[in-house]
Structure formats: C-alpha cells, structure tokens
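Subject: Structure handover

Hello,

Here is the structure I promised to pass on. Please open it first, then read the notes below.

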Amino acid sequence: MKGTHVTQCCINPSILSADFVNLEAELHRISNADAVHVDVMDNHFVPNLTIGLPVVQRIQAVSPVPLDAHLMIADADRWAPGFADAGLASVTFHAEASIAPIKLARELRARGSKAGMALRPGTPVEPYLDMLAELDMLLIMTVEPGFGGQAFLDLTLPKIRRARAAIDGSGIGVAIQVDGGITEETINRAAEAGANVFVAGSAVYGAEDPAAAIEQLRKAGSQTLRAGSPE
Ligand code: DX5
Ligand code: ZN
C-alpha cells in the first residue's frame, strides 16, 4: 500500500571502532542500542581483516543487545549460513558476494535469523527490487566497505529514496539500513531519504559517552522520520 511511513528508528553501533581487547566491556557501554553491528571482513571482499565466527560466537554469548552481523566476505553462499546457525538475530551478506542471493536469504531465515542484503555504493538496487520480500533488511552502504571513519557519500541518497519508494509501494516490511559516515549531521539526510536503521562506528565509540551518543543519534533520526510521516 502506498504511503507507508516508517517511524521506528534503530541505532546499531559498529564495534569496528571499539577497543577489540576489551570487547565485553565495550558491549556494555552500548546497552541502550537496538543491536550491535559486527563487521566481519575477510581481506578478499574488502581490503581489511577483522574477526571470524569463533569471536562472533563469543560476542553473541555476552552481548546485552542482539547481534547484527555485516559479512564483508567473499563466497557468502558458503559462509553466511554458519552465522545464522550461531543464533544471530540478523545476518547481512553482500549481493556482490553471492551467486544465489534468494536461496541464501531463504537459508538464513530458515535457520532463524533475519536476512539482510548489502549493496556497495556503486551497486544499483534495481536488479534486486523483485526479491525485496525475501529480505528483512536492505543495507545500503554509504561508504565503500572496509574501514570505519570515512565520509558519508551523498551520492547514495537517490538510491535510498528509490529503495524506500519501492518498499512502501509494495507494502512489504523491509528495513533500510545505512552504514558508513553516519553522524548527528548526516543521519538526518539518510532518514529523510528513507533509511530507518543506522549504523554508527566512530560517532558512537569515538564519543566520550557512547550511550549518550546513541541517544543523540536516536533523537535526530526519530525527529526526521516523524517529520516525514503523515500524522
Ligand atoms: C565499514 C563498516 C562500517 C563501519 C562504519 O565497512 O561496514 O560498519 O564500522 O564506521 P563509521 O560509522 O565510522 O563510518
Ligand atoms: Zn558495517
């Protein structure tokens, strides 16, 4: 149905900017978050290497908030289902790294996780519009994946708008997540374009009080989402 407006604003801090030697304590600093965004990088799909499944499983065991895994790994069809088997709330693979994204999304859901699919800034959303109902979340990267602390790419805003129009037009409940360069300033532009789940690494963990930074981002994002809503 047309005119569906999303007002729920989620803030998912990325632990890429956390202190990796004190992860458990770092997780408790963001206990007011909606989920914790866990960036898995394999040094093939992106030129950086982070953590693998064993560490993610330990994070899952101690985290006060659900896990939102962002797999920046090659051969997602082979490796992503294992993350769903670990009991993660949400597993996001990259469209560019999957041969059979529909099959993979179904496998993730069958294993009990929400299915997310990510697009690099240069990947168009149009080829994937017919499969949106297979997803719980579409991640539109707002920087080239691989590193925290990069500047938000405004050129992704039209893609976010087109994805939001397609989702609202078909009445399916897919969240739009944005990841990269989200700050108190850029969150408004992303929310106005139609995003409703916001990943923030440096803006949260770079702040003196990460929990307060989450609240500030939530306030800014919610205000913009409400402003775009009919009532
Ligand atoms: C980048 C990662 C992001 C990163 C965001 O490839 O996917 O999740 O941590 O960091 P900021 O918010 O600093 O841009
Ligand atoms: Zn990420």
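**Helix packing around α6**

Helix α6 crosses α8 in a right-handed sense. Keep in mind that this is a predicted model.

Start with that pair. Helix α6 covers residues 186-193, and helix α8 covers residues 210-227. Their axes lie 8 Å apart. The packing angle is about 35 degrees.

Which residues of α6 and α8 meet? From α6 come I187, N188, A191 and E192. From α8 come L217, A220, G221, T224 and L225. Sorted by class, this contact has 5 nonpolar residues, 3 polar ones and 1 charged one.

Helix α6 has a contact with α5 as well. Helix α5 spans residues 157-170. The axes of α5 and α6 come within 8 Å, and they cross at roughly 35 degrees. On the α5 side the residues are L157, I160, R161 and R164. They meet R189, A190, E192 and A193 of α6. By class, the α5 contact with α6 holds 4 nonpolar and 4 charged residues, with no polar ones.

Look at E192 in particular. This residue is on the list for the α8 contact, and E192 is also on the list for the α5 contact.

**Ligand 1**

Now turn to the ligand. How many residues surround ligand 1? There are 20. The closest are G146, D179, G181, G201 and S202.

- D179: a polar atom of its side chain is 2.7 Å from an oxygen atom of ligand 1.
- G181: a backbone N or O atom sits 2.8 Å from an oxygen atom of ligand 1.
- H70: an N or O atom in the side chain is 3.2 Å from an oxygen atom of ligand 1.

How much of ligand 1 does the protein bury? Taken alone, ligand 1 exposes 380 Å². The protein buries 100% of that area.

Next, the elements behind the shell. Those that give two or more residues are β2 (36-41), β3 (67-72) and β8 (197-200). Strand β2 gives the largest share, 3 residues. By class, the shell has 8 nonpolar, 10 polar and 2 charged residues.

Best wishes

Notes. Residues numbered from 1 in each chain as written. Chains lettered and ligands numbered in written order. Predicted model: local features only at pLDDT ≥ 70, side-chain atom pairs only at ≥ 80, totals over all residues. Heavy atoms only, no water. Axes fitted to C-alpha atoms, helices over the stretch in contact; angles between N-to-C directions. Helix = DSSP H or I, 4+ residues; strand = E, 2+ residues; numbered from the N terminus. Left-handed = near helix turned anticlockwise from the far one by under 90°. Contact = heavy atoms within 4.5 Å. Nonpolar A, V, L, I, M, F, W, Y, C, P; charged D, E, K, R; others polar. Near = heavy atom within 4 Å. Polar contact = N/O pair within 3.5 Å; in protein donor to acceptor, adjacent residues only side chain to side chain. Areas by Shrake-Rupley, 256 points an atom, 1.4 Å probe, with all protein chains shown as cover.
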